[in-house]
Amino acid sequence: MIVDHIKNLHKYTGLNRNIQTVIEFIESNDLRSIAVGKQKLTDEINLLREDYIPRPLDECYFESHKVYGDIQLVVDGIEYFGYLEANDPKFIVTSPYDSSKDVTKGQSTGDFSKVLLTKGMFAMVLEDELHMPKLSANEPVEVLKAVFKIKL
């Protein structure tokens, strides 16, 4: 997992051929004005625009992907973003891999890392990296987020 400010996304273009396209899209679009929902940007990039109130831990779950990585950009608001290493023994699968949705879901039986994402920050997760988005930072502040799903 990589956590950084959006101004630094260019540093990671060597990790995936689609990151440069995401940067160009962000630079030429007002992410706040994009309607909530899913849209296809290219054959290898989808955008999920979300507005929500982060949830307490017991309403969140870990997820991982095999075909698409995520660049989860907080456009506005604040939330915690949980992380576990792939194959962490504390991870218990609650929903096996669903290829139609490219997701495995589960919970942690113990501690896990969390990072505070604020306006302008992103978390990038690639294949099989366990992550928990939408985790409340103790204040019910609406989050505006753009999730770029990039083909791995």
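In which strand is K134 found? The residue belongs to strand 11. Please keep in mind throughout that this is a predicted model.

Is K134 buried or exposed? Its relative accessible area is 19%, and buried means under 20%, so K134 counts as buried. Setting aside residues up to four places away in sequence, K134 touches E50, Y52, P54, R55, C60, E79, Y80 and K145.

Next, pick out I71, which sits in strand 5. With a relative accessible area of 0%, I71 is buried. Which residues is I71 in contact with, once neighbours within four places in sequence are left aside? They are L9, I19, V22, F122, A123, M124, A146, V147, F148 and I150.

F148 deserves a stop of its own. Leaving aside neighbours within four places in sequence, F148 is in contact with V22, F25, I26, L31, L41, I45, N46, L47, G69, D70 and I71.

Now for the aromatic rings. How many aromatic pairs does a search of the whole structure find? There are 3. One of them joins Y12 and F122, with 6.1 Å centre to centre and 75 degrees between the planes, an edge-to-face arrangement. Y12 lies in the loop between strand 1 (2-5) and helix 1, while F122 is in strand 10, so this pair ties together parts that are 110 residues apart in sequence. Y12 and F122 are both buried. Another pair is formed by F25 and F148: the ring centres are 6.0 Å apart and the planes meet at 75 degrees, so this pair is edge-to-face too. It links distant parts of the chain, with F25 in helix 1 and F148 in strand 12, 123 residues apart. F25 and F148 are buried as well.

Finally, let's turn to the pockets. The largest pocket has a volume of about 590 Å³. Its lining consists of 22 residues, and K38, L48, E63, H65 and K149 lie nearest its centre. Several strands each supply at least two lining residues, among them strand 2 (37-42), strand 8 (103-108) and strand 11 (130-135). Which strand gives the most? Strand 3 does, with 4 residues. By class, the lining has 7 nonpolar, 4 polar and 11 charged residues.

The second largest pocket has a volume of about 160 Å³. Around it you will find S64, H65, K66, A86, N87, D88, F91, Y97, T104, D128 and L130. Its lining divides into 4 nonpolar, 4 polar and 3 charged residues.

Methods. Residues numbered from 1 in each chain as written. Predicted model: local features only at pLDDT ≥ 70, side-chain atom pairs only at ≥ 80, totals over all residues. Heavy atoms only, no water. 1 Å grid on protein atoms, 1.4 Å probe; cavity = no way out; pocket = protein on both sides within 12 Å on 5 of 7 lines; lining within 4 Å. Points joined across faces, edges and corners; volume = space filled by probe spheres on them. Nonpolar A, V, L, I, M, F, W, Y, C, P; charged D, E, K, R; others polar. Contact = heavy atoms within 4.5 Å. Phe/Tyr/Trp six-rings, centres within 6.5 Å; stacked < 30°, edge-to-face > 60°. Buried < 20%, exposed > 50% of the residue type's maximum accessible area, 1.4 Å probe, protein only.
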